Each structure stands twice: as C-alpha cells, then as structure tokens.
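Q: I have a protein model open and would like to learn how to read it. Can we go through it feature by feature?

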Amino acid sequence: TQHLNKSNVLQWVKSLPNYGFKVKPNVVKVGDVFMHRVFGHPYVILQKCGEFYMCVLLTTEETCKEILEPCSSRFFHDSFFTQNLLMVSAETTEGNEFYGVFDNTRQVKSVLNKLKTIMNQ
C-alpha cells in the first residue's frame, strides 16, 4: 500500500480523466467563453439573437484603448471587457475553442446594457 502524501495525491488527481480539459457544452448559453480563431482573443456570449450570438471581446492588455471595464469573475479576473461588440453565428461558435464560463451573470448583463447604450449614442 502507498502512503498518502502530497505527491501521491497530485499524481492520482492528474491521472483522472478530463484533468485540465474543458468539455465543450452541447448548448451555448449566455456567459460561455470561446477563443476567436481570427482575432486571437476570447469572447463572451452576451445574448442570443436568432441564429446569432451577440458577443464581446476580452483582452488582458491593460493599456488597450477599447477597455470598457475590468472583468469580475473567478476565472477571468485578469481580463478586461472591451467595447468590441461582435455577432457570431452558431456555426462559428462550433468551430472555436471553448474557453470556459464567465460566472458573473450580473456583470454580463451590465456589459450588454453599457454596449447597447454606447451604440445608441
């Protein structure tokens, strides 16, 4: 029998299936984050609009002129929402890498409202 120590536990956990692997969701929802293949930045799904999704790009570059506000999420705490709004088809989302979930739904709604306000000016 093996003794339980930190090294043995870590080795056991890392050998479990799906360690560090993000399973792509069957259904895309508001807050899902995907990596855009062309722009090379992650984007957050803000709203479904028919066959398309309204999305916003994220950046980690603190000096980016298009920053709207800092992200407030467990998984994206060093990122920023930008003012770059884009429409992505469901087909495009399927082709992009799933990056995780932005778990602060209140901030997602707030960012969507801010971007709508900016567009209406």
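Q: Is lysine 24 buried, partly exposed or exposed?
A: This is a predicted model, so every value here is computed from predicted coordinates. Relative accessible area sorts residues: under 20% is buried, over 50% is exposed, and partly exposed is in between. Lysine 24 has 34%, so lysine 24 is partly exposed.

Q: Where does lysine 24 lie, and what is it in contact with?
A: Lysine 24 lies in the loop between H1 and strand E1 (32-35). Leave aside neighbours within four places in sequence. Lysine 24 is then in contact with Phe34, Thr93, Glu94, Gly95, Asn96 and Phe98. Take glutamate 94. Lysine 24 and glutamate 94 are 70 residues apart in sequence, yet 8.9 Å apart in space, C-alpha to C-alpha.

Q: Which residues does valine 30 touch?
A: Valine 30 is also in the loop between H1 and E1. Its relative accessibility is 47%, so valine 30 counts as partly exposed. Not counting residues up to four places away in sequence, valine 30 touches Ile45, Leu46, Gln47 and Val108. Valine 30 and valine 101 are 71 residues apart along the chain, and their C-alpha atoms are separated by 8.9 Å.

Q: What share of the protein's contacts join residues at least 24 apart?
A: Start with contacts between residues at least 6 apart in sequence. Of these, 57% join residues at least 24 apart.

Q: How do I read the order of helices and strands?
A: Walk along the sequence. The protein has three helices and six strands. Their pattern is α-β-β-β-β-β-α-β-α.

Q: Which residues of the largest nonpolar core touch the most other members?
A: The general idea comes first. In soluble globular proteins, nonpolar side chains tend to be buried together. Here, the largest nonpolar core has 14 residues, and Val44, Leu46, Val56, Phe81 and Phe102 touch the most other members. Strand E2 (42-49), strand E3 (52-59) and helix H3 (105-119) each supply at least two residues of this core. H3 gives the largest share, four residues. There is also a second, separate core of nine residues, which includes Phe34, Cys55, Val88 and Phe98.

Q: What is leucine 46 in contact with?
A: Again, set aside neighbours within four places in sequence. Leucine 46 is in contact with Val30, Met54, Cys55, Val56, Leu85, Val108, Val111, Leu112 and Leu115.

Q: How much of the whole protein is buried?
A: Of its 121 residues, 32% count as buried. The protein exposes about 8,500 Å², and carbon and sulfur atoms supply 53% of that area.

Q: Where is confidence lowest, and where is it highest?
A: Where pLDDT is low, the predicted coordinates should not be read in detail. The mean pLDDT of this protein is 86, and 87% of its residues reach 70 or more. Confidence is lowest in helix H1 (residues 6-14), at a mean of 68, and highest in strand E4 (residues 67-70), at 96.

Note on methods. Residues are numbered from 1 along each chain as its sequence is written. This is a predicted model: local features need pLDDT of at least 70, side-chain atom pairs count only at pLDDT 80 or more; totals for chains, interfaces and linings use all residues. Side-chain values use heavy atoms; hydrogens and water are left out. A nonpolar core is a set of buried Ala, Val, Leu, Ile, Met, Phe, Trp, Tyr and Cys residues joined through side-chain atoms within 4.5 Å. Buried means under 20% relative accessible area, exposed over 50%, partly exposed in between (1.4 Å probe, protein chains only). Contact means heavy atoms within 4.5 Å. pLDDT is the predictor's confidence in each residue, from 0 to 100. Accessible areas come from the Shrake-Rupley method with a 1.4 Å probe; for residues, only the protein chains shown count as cover.
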